[in-house]
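Hi,

Here is the structure I promised to pass on.

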Amino acid sequence: MSRTDVSIKTHKKKSSLSEKTKEAISGYLYVSPFFILFAIFGLFPILFSFYLGFQKWNGLGEMEYIGLQNFKWVLTDEIFWTSLTNTLIMWILGTLPQLLIGIILAYALNSALIKMKSFFRVSIFMPYVTSTVAVAIVFGIMFNSQEFGLFNVILSWFGVDPVNWGTSWWGVKIAISTMVFWRWVGYNTIIYLAGLQAIPNELYEAAQIDGATIRQKIQYITIPMLRPIIILTVFTSTIGALQLFTEPLIYIGRSFREEGITVVLYLYREAFTNLSFGPASAAAIILFIIIIIISSINVFIANRIGR
């Protein structure tokens, strides 16, 4: 082989490598906007919040390193534990029922017995796309503490005295949890419905031939096949419930009353009302750890479903 042939092959390899490099660079350039935006508005605030958790800062002056004092202050604050208790109660009242009822509604909407399926599917998804402010205003009227409030009128039919939904300990939690349930149950229903439509009909036909009942079909076909979807909804719903902010803020206002304050409202109050960014960041870090623990437990339990 002559030197000319060797140089031609070497030139081809270099040009081939350069083309691959150009393709790789162009690919990274196409996806770079996401990573740039994530680094600015996602990663940097997270890292800065962890840094602030060990500082004393009012947002304007000099930062002062104080170690674990912020965490100690938050963990000994009774209002923080009240906000955590409120958050967990609202999670139980508003989030867990929506997952169970979402599966039932999705199964009903996927049934051949239901007519006008498209209408019902759009209707049940409407609360999710409705403005949160509008939802809070409507539910504020429905949960009016006066005797003419809708829910107080319904309670009066059963001989129950009017409930002060706006200030009572359980009234505020029930009102906010109902609002959360109404807004998100349709979202989870549509996700479950998409999972149900991906299950092959042959499985149900074979079960029908074997004489399986509806309960057996749900237990041995529907739930096991929906397990990945259930894990997804449990994971996202748990994170969303523990980060509950908009609904209680609009319902109880900026008074941050103990009846309805959540953990995110607590850290919001510390940061932007009390100008204590250190304790607010410490509360955010503690909430982050709690979310990881509870989400892991929920995913473990959901992963056992249908096995």
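Below is what turned up, grouped by topic.

First, some ground rules: this is a predicted model, where local features need pLDDT of at least 70, side-chain atom pairs count only at pLDDT 80 or more, and totals for chains, interfaces and linings use all residues. Residues are numbered from 1 along each chain as its sequence is written, and side-chain values use heavy atoms, with hydrogens and water left out.

Next, salt bridges: a side-chain nitrogen of Lys or Arg within 4 Å of a carboxyl oxygen of Asp or Glu. By that rule there are three. One joins Arg183 and Glu247, at 3.9 Å from N to O. Arg183 is in helix H7 (residues 169-197) and Glu247 in helix H10 (residues 246-252), so this pair ties together parts 64 residues apart in sequence. Both Arg183 and Glu247 are buried (buried is under 20% relative accessible area, exposed over 50%, partly exposed in between, using a 1.4 Å probe and protein chains only). Another bridge links Arg257 to Glu259, with the closest N and O atoms 3.3 Å apart. Here Arg257 counts as partly exposed at 25% relative accessibility, while Glu259 counts as buried at 18%. Arg269 and Glu270 also pair up, at 2.7 Å, and Arg269 and Glu270 are both buried.

Now the rings. Those of Phe, Tyr and Trp (its six-membered ring) pair if their centres lie within 6.5 Å; planes under 30 degrees apart are stacked, over 60 edge-to-face, and the rest tilted. The structure holds 24 aromatic pairs. Phe80 and Trp81 have ring centres 5.4 Å apart and planes at 75°, so they are edge-to-face. Phe80 is buried at 1%, whereas Trp81 is partly exposed at 42%. Tyr268 and Phe272 make a tilted pair, 5.2 Å centre to centre with 45° between the planes. Both lie in helix H11 (residues 263-272), about one turn apart.

Cheers

Terms used. Helix = DSSP H or I, 4+ residues; strand = E, 2+ residues; numbered from the N terminus.
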